[in-house]
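Dear colleague,

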Amino acid sequence: MRTVESRIVLITGAAMGMGRLYAERAVAEHAAAVVLWDMDAAALEATRTELASRGARVLAQVVDVSSPQAVAEAAQRVQAEVGTPDIVINNAGVVRGKPFWEHDPLTDTEFVIRVNVLGPMHVTRAFLPGMIAAGNEARILNVASASGLLSVPRMTVYTGSKWALIGWSDSLRLELKRAGHGHVRVTTLIPSYIKTGMFAGARAPLLTPLLEPAHVVDKAWAAMKAGKPRLMMPWTVALSGALRGLLPLPLWDWVAGSVFKVYSSMDAFTGRKSG
């Protein structure tokens, strides 16, 4: 897939940040329609208005991706108004940065799991049968995190959610391939900390700079179109994963904690501030 021209692109978490950047790239490549899903109605409308002013066909919907019913209802409207998406970008995500025993079971633990794990599953399930049946080149981009490969203190539930997402995403890739549905390809994006405000206060580990959102989106966009199975950013993510697998756990804990400073990267976390 060289371009998304004349294709339908659906993006979750699309009102701002990286989601909006993905939408801008779809518009720049003259997508047939761009579907924006987000929970922030005001920001969503602002993004829709801006993209529509460039001549794009844009459908914006306030959707809670953690709700199977909300996803199903929104998907019906997408099918009726623009058709089956050729590209689904599961970008929506939330984070909590504190010890596990301080997580509220509902507003923290369940919330993070429902958005970060069940959300991509619900969204993909809503459109995947149509993508398979259409027989056209199609893509699914699942936005995970380096914390889905490496344990990170003060981010237990988020880390657990991204481990689950990576496992599901790559298993889905294999299922599609083995079933003969090679026209639908799955890419898993695994970046370190990105400068979006979501991880405000987090400190970058050694040799792992805070990533610029536009740079990550550019690389992820190209990997998605190429159908690349996995994209890890920066290179130290792959190195850390390899070392964790090779070293005895006590030695890896020392390397991660004292050398790379991974284990203290969330100590000053504040997160995105509202208002």
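Predicted model: local features only at pLDDT ≥ 70, side-chain atom pairs only at ≥ 80, totals over all residues.

Residues are numbered from 1 along each chain as its sequence is written, and side-chain values use heavy atoms, with hydrogens and water left out.

Strand β6 (residues 184-191) is largely enclosed by the rest of the structure, because 7 of its 8 residues are buried (under 20% relative accessible area, with exposed over 50% and partly exposed in between, for a 1.4 Å probe and protein chains only). Helices (H or I, at least four residues) and strands (E, at least two) are DSSP runs, numbered from the N terminus, and two strands pair if DSSP finds at least two bridges between them. Strand β5 (residues 138-143) runs parallel to β6 and is joined to it by 6 bridges, and Val143 has Leu189 as its bridge partner in β6. On the other pairing, 4 bridges join β6 to the parallel strand β7 (residues 230-233), where Leu231 is the bridge partner of Leu189.

The structure also holds 12 salt bridges, each a side-chain nitrogen of Lys or Arg within 4 Å of a carboxyl oxygen of Asp or Glu. Among them, Glu137 pairs with Arg139, with the closest N and O atoms 2.9 Å apart; Glu137 is partly exposed at 32% relative accessibility, whereas Arg139 is buried at 2%.

With best wishes
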